[in-house]
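Look at the structure below and keep it in view while reading. The text goes from one chain to the place where two chains touch.

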Amino acid sequence: MYRFSPTKITGIQEGINPIDFKTEKGLEIAPYISYEKNWNKLSMSAGLRYSWFGNFGPFEVASYNPNLPKTVNTILETKSYKKGEIIKSYGAIEPRLSFNYHINDYNSLKFGYNRMFQYIHLVSNTSAALPFDIWKPSGMYIPPIEVNQISAGYAFDTANGNYNFSLEGYYKTFKNMVEYKNGADLFLNKNLETELLPAKGYSYGLEFAAYKTSGRLTGNLNYTYSVTRRKTTSSYARENINNGSYYPSNYDKPHIFNLTANYKLNKKWSVGSFFTYQAGRPTTAPNGRFTFNGNSYINYSNRNGFRISDTHRMDVSFTYSKNKPNRNWKGSWSFGVYNVYSNKNAFSVYSKFKNNQLKTYQFSVIGGAIPFITYNFKF
Amino acid sequence: MKRIYKIITLLLCVFILQSCVKEIKLVSNYESSIFIYGNITNEIDYVNVIVLQTTPVTDASLKHIIDAKISLYTEHNNVPTLITNNFTVTSEKNYKSSEKISTVIGNHYWIEIELQDGTTFKSMKEKLLPPVALSGLTYEDATLEAHFEDPENSANFYHLEVASIDNIDNSFLKSFQIESDILYNGNKNAFIESESFFGNAIVVKLSNINFETYRFLLNLSKQNEDNIDDEDNESGNPGQLFASPPVNLIGNIQNAITNEKALGNFGVISKSLPLSLTN
């Protein structure tokens, strides 16, 4: 059962109306069955989930002129739904199937397919998460997101078990996503659907991982190459982002490389390090300017037409543990430095006019190296 | 021990706060675009249209396009009529209709702009809405309130124009504010607050505007707020973390062939009679 209580404004002065967006209610039911079977070298896992989602009253839903884009000006009427009345419901079959084939003791292959539906949407268009980010249930105008994924992988262990390697590829498609319109105004908006556009997308990638699991030196290495694209599919061409062509999603980072290493110096002390390198995420950048009524304005590129610079950092830590073998309590102290070489990684890039010259700035959430001390325990 | 805590805290603050914002070189390519802006109102007046070409981000010059053909149309009962295509280029390099245009409440109006290379832009047909009269002005605690009765059963969008006049040094400043009636839909005592004026007399007009024009003017004022490098602007929003994504100034104008939206807007605006207030 979901309850969304977006906004309430009460008790203000005469001339301003109280605002109550009313609580949105949703119910999700999902029975699931699974079946597992092992043959000699082949194992299979199959599952079937049926999910049902209903959006309930009391609530008011606007209906729009079907011949025009949805705006507050094209609302034809507002229908009130009674308490418990179903506004819109969706049902979906979500199958999943995976095979694992053990070629021998050291080599295996796997294949998987699954389909998932997501009935809750985060509607936000800021760089950082905010207390007034909006969560919206699927309803009359926002159908559930459908994701279909196929994946295949190969895993290899060395004979002594010290090293493990894996290579996995995937391809995903997304349907019924939402993207915000140019200049979308989401705050205090009773008709959020007027600011959103239907979208679809796809994503594919290849992940390589290597692990060293024993010896004084342990660690792992991961590299992922991925592509994530979106496309808005409004039936009104002039509304579509980037003229309805595919563009990189906000989270598209084609290259991610991570390296973790731990070295045991002696019985009490170990040293660890973590290095990460990630391609910069997409951004929308100025590609022109003009002056109008004495003020300068920016013309921006296609949405997500450029990328901020790549990011990388290294963390180093020393860990001290002195544990008595017959005690349940096991604790360790770690002393380290986060972002040890003080790299100013770009979190956001933005442009502003200063003395009528367009200046571009890079913002880093953490501007330098940060020391840390932690105590970890388990019992 | 207390001294050690203080030193550690100080060191942490220095590490975390050291120069989080730095200027970088902009990496993007210049793409030429056309910006078109104009209005028609319920007042008998000339219609002015501006046509500009964007310049590279490093070039602050104005690039007017002065060889376009402008046509102004109206539509009543689904019958379109050309009002005029007789526009002259003024000394400010704007297009001005050769005669004053009178309009009819309830009719639709739009313009077509044909560039020398044949590219044609067209604004969406917008309806001339009935004007919403100002019922009074009050001034208290350095805040002006413009009062009016918001019509019921429709979403309304307003452009409040405040002209400040200083009779002593004869200076004059116009400011505007964009509002939707979300907070006062149908309220008989609706008001819009304004603090951006000076001098000893003000003249206020309230314009009833269409949604596309509202959205365009809102984005125009948002770019104005967001794009000026003012140290004070940074407080509470470091690195524009909480800012919404960049907004292009596209309104109700689109390429007539490709249907792609173009920069700019042609507003069909219904102005109230002015009210004034003096000190």
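Predicted model: local features only at pLDDT ≥ 70, side-chain atom pairs only at ≥ 80, totals over all residues.

Chain A has 28 strands and zero helices. Along the principal axes, its C-alpha atoms fill a box of roughly 75 × 65 × 45 Å. Chain A has 379 residues, and 21% of them are buried; here a residue counts as buried if 20 or more other C-beta atoms lie within 10 Å of its own. Contacts can also be sorted by how far apart the two residues are in the sequence. Of the contacts in chain A with a separation of 6 or more, 57% are between residues 24 or more positions apart.

Now turn to the contact between the chains. Chain A puts 55 residues into the contact, and chain B puts in 64 residues. On the chain B side, the elements that give two or more residues include the helices α1 (2-17) and α2 (211-226) and, among the strands, β1 (21-24), β2 (34-41) and β18 (261-271). Which element gives the most to this side? It is α2(B), with five residues. By residue type, the side of chain B that touches chain A divides into 35 nonpolar, 21 polar and eight charged residues.

The two chains also pair through strands. Strand β27 of chain A, residues 357-363, is joined to β1(B) by four bridges, and the two strands run antiparallel.

Key. Residues numbered from 1 in each chain as written. Chains lettered and ligands numbered in written order. Contact = placed C-beta atoms within 7 Å. Nonpolar A, V, L, I, M, F, W, Y, C, P; charged D, E, K, R; others polar. Pairing = 2+ DSSP bridges. Buried ≥ 20, exposed ≤ 12 C-beta atoms within 10 Å, placed from the backbone.
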